[in-house]
Amino acid sequence: MKNPSIATTRALYKTIVYVVCIFLSLLSLFPFWVMFMNATRGTYEIQQSSVGLFPSTFLLSNWKILVGKSFNPFVGFVNSMIISSGVTILSVYFSSLTAYALMAYNWKLRQPFFTFILAVLMIPAQVSSIGFYQFVYRIHLTNSFIPLILPAIAAPAMVFFMRQYLLAALPLEIVDSARIDGSGEFATFNRIILPIMKPALATQAIFSFVGSWNNLFIPLILLTNKSKYTMPIMVSLLRGDIYKTEYGSVYLGLSLTVLPLFIIYFLLAKYIIAGVALGALKE
Amino acid sequence: MGKKSVSYAKYGYIFSIPFVVVFLVFSLYPIIYTLIIGFTDLRGLGVKQFQFLKDPFENFKIILANKSFRKSLGNTTMMWIANFIPQVSLALLLTAWFTNRNFKVKGQGAFKILIYMPNIITAATIAILFQSLLGYPKGPINDLLLKLNFIDKPLNFPQQKWTARGAVAFIQFWMWYGNTMIVFIAGVLGINPHLFEAAEIDGATPTQIFFKITLPLMRTIILYVLVTSMIGGLQMFDIPKLFLLGGPDSATVTTSVFIFNQAFSGSYLYNRAAAASMIVFGVIVILSIFLFRLLRDSDEAKMKKFKKEQKRLERLRAKGVEV
């Protein structure tokens, strides 16, 4: 440390680290900053100079143009809210239940079932989308939220995560003592196991909700009725010709879809980051 | 003990029923149905009737010979590689910095939060946002680059194949390197700290420690990120679909965009789209087998430990010890 050249190297290292980190943080913020600012600026202003670092006064007129055409943020918001809430509740509850079945009971097919879950862990919904669409079409459920919500009951990746969590966090003696106290198996799960799993439920709920909220592919093929559009489908309307020169309105529409996510994210960022870390497979 | 566990075993089955039923109906059945459609003449909006083709593999042959499909595979591969290499490199560099034991980066929490942030924003929104930002001849990014004197005349990102592909790769990179970084940091934190201490005592420099100890021990995690990212990359849809609508000249059409366009626009070629889906599915299955082996090996070790612990508790209980 006393060697001046080592001290210089250290100072240089520190400077590089901070400069790069600050640059990357700005890189994350810059597009959204421009978006929020341009949402308040008029089309003429944006054409003059498209990077506005400060807000202007055209928010209201942008809003009027935006909702005067096909974009309806309230409908998108409510629909996405219904679907994402349904998906979150079902996936979190039933994944925990399945994980508990894998963890707490000694049944013959337990190991084969778990192997099966590992095997289908990564199968994406997209590859079966044609069959899924035809199936839903035949049972007349296109433009219904049911085929978007119900499949959440079988979420292999979440079952895997919940099982790993239970392995680490659940002492089986608790289950034994609940039995001695006369608690039924299902009641034990609901009243004792679920509360123990709260931290895991919370992180998985966030990811499930955000994942469902952001999903575009499957809703896009199933929902053709405008009153059923989700937020991402609404957003895709901003790409169309009707907003071609209404730059301010497009930025405003985009801002409206980002705002709820920003609020959730900056309130829960700590838990979300911890959740990502927890989800990573550890040796 | 043995009898008791048998009497509860049925609950293992009962509690798994909802998962199994929903999986069979909404996952397995659509996959099989997709495969079947791949062998038929099903096409056209609203058509329900279909017949098996005389040559059952006709759709598969047509798709494999289809220039657009091949091009979409090429596009997907190129854009994935151009996103993955910088993504992992930067994530590793940041991991090395954030886990450096000699110098703690101040404000690390805030940096992580900001770097991860784009990952949770709706990809559809990001695609259209970047379409606006990369506007030509006037757009925020061109204006900024001109002001900073990085370029002399505006770049036409959306109209040139390579800048368009580059932009898609950049957006994917920008959305995902934070996620990869956090996974890597978790991996480093999971390594036994004694190893680092021992290396420090032996006089290893931080660079040596990173390359000789950290990196080799993160092999599994890097492999995991590689495989999951490849599987995710094969489904790249929202960004290429909405950013430039697959253009210019189909340069950003990915396999998912190709499948979507075959099935849900034009002449509604469900059968061709199904065949293409199954080909992509085949690739994903091969990748999944790698991942499966990886997870199973690490799980077996975990389960062994868990069973050992359970046996120990049982033994103690048999001896009458309160646990």
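**Note on the predicted two-chain model**

1. Helix H5 (residues 123-133) of chain B is largely enclosed by the rest of the structure, because eleven of its eleven residues are buried. The buried residues of H5(B) run from B:Ala123, B:Ala124, B:Thr125 and B:Ile126 through B:Ala127, B:Ile128 and B:Leu129 to B:Phe130, B:Gln131, B:Ser132 and B:Leu133. The model is a predicted one, and that applies to every point below.

2. B:Phe98 belongs to helix H3 (residues 67-98) of chain B. Is B:Phe98 buried or exposed? B:Phe98 has 20 C-beta neighbours inside 10 Å and therefore counts as buried, the cut-off being 20 or more. Leaving aside residues up to four places away in sequence, B:Phe98 touches B:Val105, B:Gln108 and B:Ile185. From B:Phe98 to B:Leu195 there are 97 residues in sequence and 18 Å in space, C-alpha to C-alpha.

3. Two packed helices are described by the angle between their axes and the distance between the axes. In chain B, the axes of helix H12 (residues 255-264) and helix H13 (residues 270-318) come within 7 Å and cross at roughly 160 degrees. H12(B) is therefore roughly antiparallel to H13(B), as angles over 145 degrees are counted that way. The crossing of H12(B) past H13(B) is left-handed.

4. Which residues make the contact between H12(B) and H13(B)? From H12(B) come B:Thr255, B:Phe258, B:Ile259, B:Gln262 and B:Ala263. H13(B) supplies B:Tyr270, B:Arg272, B:Ala273, B:Ala276, B:Ser277 and B:Val280. By class, the residues of this contact of H12(B) with H13(B) are seven nonpolar, three polar and one charged.

5. Between the chains, the contact takes 74 residues from chain A and 83 residues from chain B. On the side of chain A that touches chain B, helix H14 (residues 247-279) of chain A gives the most, with twelve residues. That side of chain A divides into 51 nonpolar, 15 polar and eight charged residues.

6. Five residues from domain 1 of chain A and four residues from domain 2 of chain A take part in the contact. On the side of domain 1 of chain A that touches domain 2 of chain A, three residues are nonpolar, one is polar and one is charged.

Notes. Residues numbered from 1 in each chain as written. Chains lettered and ligands numbered in written order. Predicted model: local features only at pLDDT ≥ 70, side-chain atom pairs only at ≥ 80, totals over all residues. Contact = placed C-beta atoms within 7 Å. Nonpolar A, V, L, I, M, F, W, Y, C, P; charged D, E, K, R; others polar. Helix = DSSP H or I, 4+ residues; strand = E, 2+ residues; numbered from the N terminus. Axes fitted to C-alpha atoms, helices over the stretch in contact; angles between N-to-C directions. Parallel < 35°, antiparallel > 145°, perpendicular 65-115°, else oblique. Left-handed = near helix turned anticlockwise from the far one by under 90°. Buried ≥ 20, exposed ≤ 12 C-beta atoms within 10 Å, placed from the backbone.
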